[in-house]
Amino acid sequence: MKIRLLTIGQKMPSWVLTGFEDYFKRIQPFVQVQLVELPMAKRGKNDSEADIKKYCQIEGESILSALKANEVLIALEVGGRELSTEKLAAEMAQWTLNGQDIALAIGGPDGLSDAVRQAAAWHWSLSKLTLPHPLVRIILIEQLYRAMSINHNHPYHRA
């Protein structure tokens, strides 16, 4: 199993890079994870709803073109299914058993396009809160690491 994080946005602040890199290094012995940063569509100051929808479509096309044929796409969004860490660990164990490669899509500031939502096997919410997409990277990689530590009987998860 391999996991790729397909994310909209590049040039993250240093605090995001530091937080992400810590858990990224920790998870590598358990599972191969790759971060794929895709460009955010250029936005203007006074964009209309039609403009925003167009930006989401452009970013969605970028995500879908980065998707590999053998990957199962999971869309991260507020309206998705919420999982406990233990349930995530069980899901990841199943992915491993099935030999599934996973692509997790994190949209830009305006979310994911309808095309990405429709292409996704399922939708996952990290929280009912709307989180900024740079912060989602850190929360996501930490939760993936925590779930893998449960599956490998590593003492990181102490709940």
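Modeller: One cut-off first: a residue counts as buried when its relative accessible area is under 20%. And keep in mind that this is a predicted model.

Colleague: Okay. Is Phe 20 buried or exposed?

Modeller: Phe 20 is buried, because its relative accessible area is 6%, and the limit for buried is under 20%.

Colleague: How many aromatic pairs are there?

Modeller: Six aromatic pairs, counting rings with centres within 6.5 Å. One of them is Phe 20 with Phe 24, and that pair is stacked. The centres are 5.6 Å apart, with 25° between the planes.

Colleague: Where do Phe 20 and Phe 24 sit in helix α1?

Modeller: Helix α1 covers residues 14-27.

Colleague: What about Tyr 23 and Tyr 156?

Modeller: That pair is edge-to-face, because the planes are at 70° and over 60 degrees counts as edge-to-face. The ring centres are 6.3 Å apart.

Colleague: Which parts does the pair tie together?

Modeller: Tyr 23 is in helix α1, while Tyr 156 is in the segment after α5 (133-151). So the pair ties together parts that are 133 residues apart in sequence. Both Tyr 23 and Tyr 156 are buried.

Colleague: Which residues are in the cluster with them?

Modeller: Phe 30 and Tyr 145 join Tyr 23 and Tyr 156 in a cluster linked by ring pairs.

Colleague: And which charged end sits over the ring of Trp 122?

Modeller: That of Arg 81, 4.0 Å from the ring centre.

Colleague: Switching to the sheet. What is the strand order?

Modeller: β2-β1-β4-β3-β5, five strands in an open sheet. The pairing is parallel.

Colleague: Which strands stand at the edges?

Modeller: β2 (32-38) and β5 (122-125). Each has a single partner strand, so one side of each has no neighbour in the sheet. From one strand to the next, the twist averages 30°.

Colleague: How many bridges join β1 to β2?

Modeller: Seven, between β1 (residues 2-8) and β2, running parallel. Ile 8, for example, has Leu 38 in β2 as its bridge partner.

Colleague: Which strands does helix α2 touch?

Modeller: Helix α2 (residues 49-66) packs on the sheet and touches β1, β2, β3 (71-82) and β4 (101-106). Its direction makes about 160° with that of β1.

Colleague: And helix α3, which strands does that touch?

Modeller: Helix α3 (residues 85-98) also packs on the sheet, touching β1, β3, β4 and β5. The angle of its direction with that of β5 is about 145°.

Note on methods:
Residues are numbered from 1 along each chain as its sequence is written. This is a predicted model: local features need pLDDT of at least 70, side-chain atom pairs count only at pLDDT 80 or more; totals for chains, interfaces and linings use all residues. Side-chain values use heavy atoms; hydrogens and water are left out. Rings of Phe, Tyr and Trp (its six-membered ring) pair if their centres lie within 6.5 Å; planes under 30 degrees apart count as stacked, over 60 as edge-to-face and the rest as tilted. Helices (H or I, at least four residues) and strands (E, at least two) are DSSP runs, numbered from the N terminus. Buried means under 20% relative accessible area, exposed over 50%, partly exposed in between (1.4 Å probe, protein chains only). A charge sits over a ring if NZ of Lys or CZ of Arg is within 6 Å of the ring centre and within 35 degrees of the ring normal. Two strands pair if DSSP finds at least two bridges between them. Axes are lines fitted to C-alpha atoms, for helices over the stretch in contact, and angles run from 0 to 180 degrees between N-to-C directions. Contact means heavy atoms within 4.5 Å.
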